[in-house]
Amino acid sequence: MALEAAGGPPEETLSLWKREQARLKAHVVDRDTEAWQRDPAFSGLQRVGGVDVSFVKGDSVRACASLVVLSFPELEVVYEESRMVSLTAPYVSGFLAFREVPFLLELVQQLREKEPGLMPQVLLVDGNGVLHHRGFGVACHLGVLTDLPCVGVAKKLLQVDGLENNALHKEKIRLLQTRGDSFPLLGDSGTVLGMPTGQPSPSLSQALRSHDRSTRPLYISVGHRMSLEAAVRLTCCCCRFRIPEPVRQADICSREHIRKSLGLPGPPTPRSPKAQRPVACPKGDSGESSGGAPSPQRQADRTTPGGRRSTAQHQVGQR
């Protein structure tokens, strides 16, 4: 489908997308399926993946999809692959998966075929899982299609099912004092963030303070084949800075690939110095809460939604 020059896709396309989301949503598993997920120290987890799609500034077609795999618990990059892609679906709020997931799925399948020993045991996705209007965000979509455990890691709150970024929500954020502090995000309808429930259920998403020096939380939600409790713990354990390292490194990789592919000026995007991951979420971890340098539109700070340097911009919206 070609990109629409004006407006969104035709109504029949939206109806098709909604039916596909509903079909795939039936396959979402919101519980732990692997032994390492239930271990307090994640014993048995060796590889954590992250994915990202960065967009060429001022270009509605060209983008870069990236997949990185990091060792765990060291959080060192052991595999990375990026490719320039041509977008074939328009951006529509709530349907970002149809724009991005096909390219991410190709990267995962390529790795599975060529170097299966480096396949990640879990994927951290820059976007929402069940925290979504129809309970099926990009992290769920990618998880079901790859059959990998997935975690949705969003930088801002998607206001859905009664959730609001209001004074009460801001006060709850203020009470997140140290790294690892969190609170559940419970919808006020008959469903819990899009997942049917007959009895009171635990939240399937949570606001998490991921770093002592960052006052803005991450919004963690179930993607596929992993419980919220394990997803929150894993995200915290993967954070050297505010953004978990798999997602952060995928973003760096995609932006650097755009810079090289387009021959844009500027030094290579710096990566973090090697460091050991703390065994548990520390109470006094030192280190910066953001990375990057100023961009023309905003400070290229990992704490801002969709922050990217001037070589690329990230799709901001309801993922």
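1. Start in the middle: the largest nonpolar core holds 33 residues, and the members touching the most others are L45, F72, V122, L124, V151 and L234. A nonpolar core here is a set of buried Ala, Val, Leu, Ile, Met, Phe, Trp, Tyr and Cys residues joined through side-chain atoms within 4.5 Å. Buried means under 20% relative accessible area, exposed over 50% and partly exposed in between, with a 1.4 Å probe and protein chains only.

2. Who supplies that core? The elements giving two or more residues are β2, β4 (122–126), α4 (138–146), β5 (150–154), β10 (218–224), α6 (228–237) and α7 (245–261). The most comes from α6, with six residues. Helices (H or I, at least four residues) and strands (E, at least two) are DSSP runs, numbered from the N terminus.

3. Have a look at L234. Setting aside neighbours within four places in sequence, L234 is in contact with F42, L45, F72, V122, L124 and M226; contact means heavy atoms within 4.5 Å. There is also a second, separate core of 25 residues, and V53, L104, L142 and L148 are among them.

4. A word on provenance: this is a predicted model, so local features need pLDDT of at least 70 and side-chain atom pairs count only at pLDDT 80 or more, while totals for chains, interfaces and linings use all residues. Residues are numbered from 1 along each chain as its sequence is written, and side-chain values use heavy atoms, with hydrogens and water left out.

5. For the overall picture, the protein has seven helices and 11 strands. Of its 319 residues, 55% count as buried. Among contacts between residues at least 6 apart in sequence, 69% join residues at least 24 apart.

6. Now the hairpin. Strands β2 (residues 62–71) and β3 (residues 77–86) run antiparallel and are joined by nine bridges; two strands pair if DSSP finds at least two bridges between them. A65 has R83 of β3 as its bridge partner. Five residues lie between the strands, and L75 takes a positive phi near 60 degrees in this hairpin.
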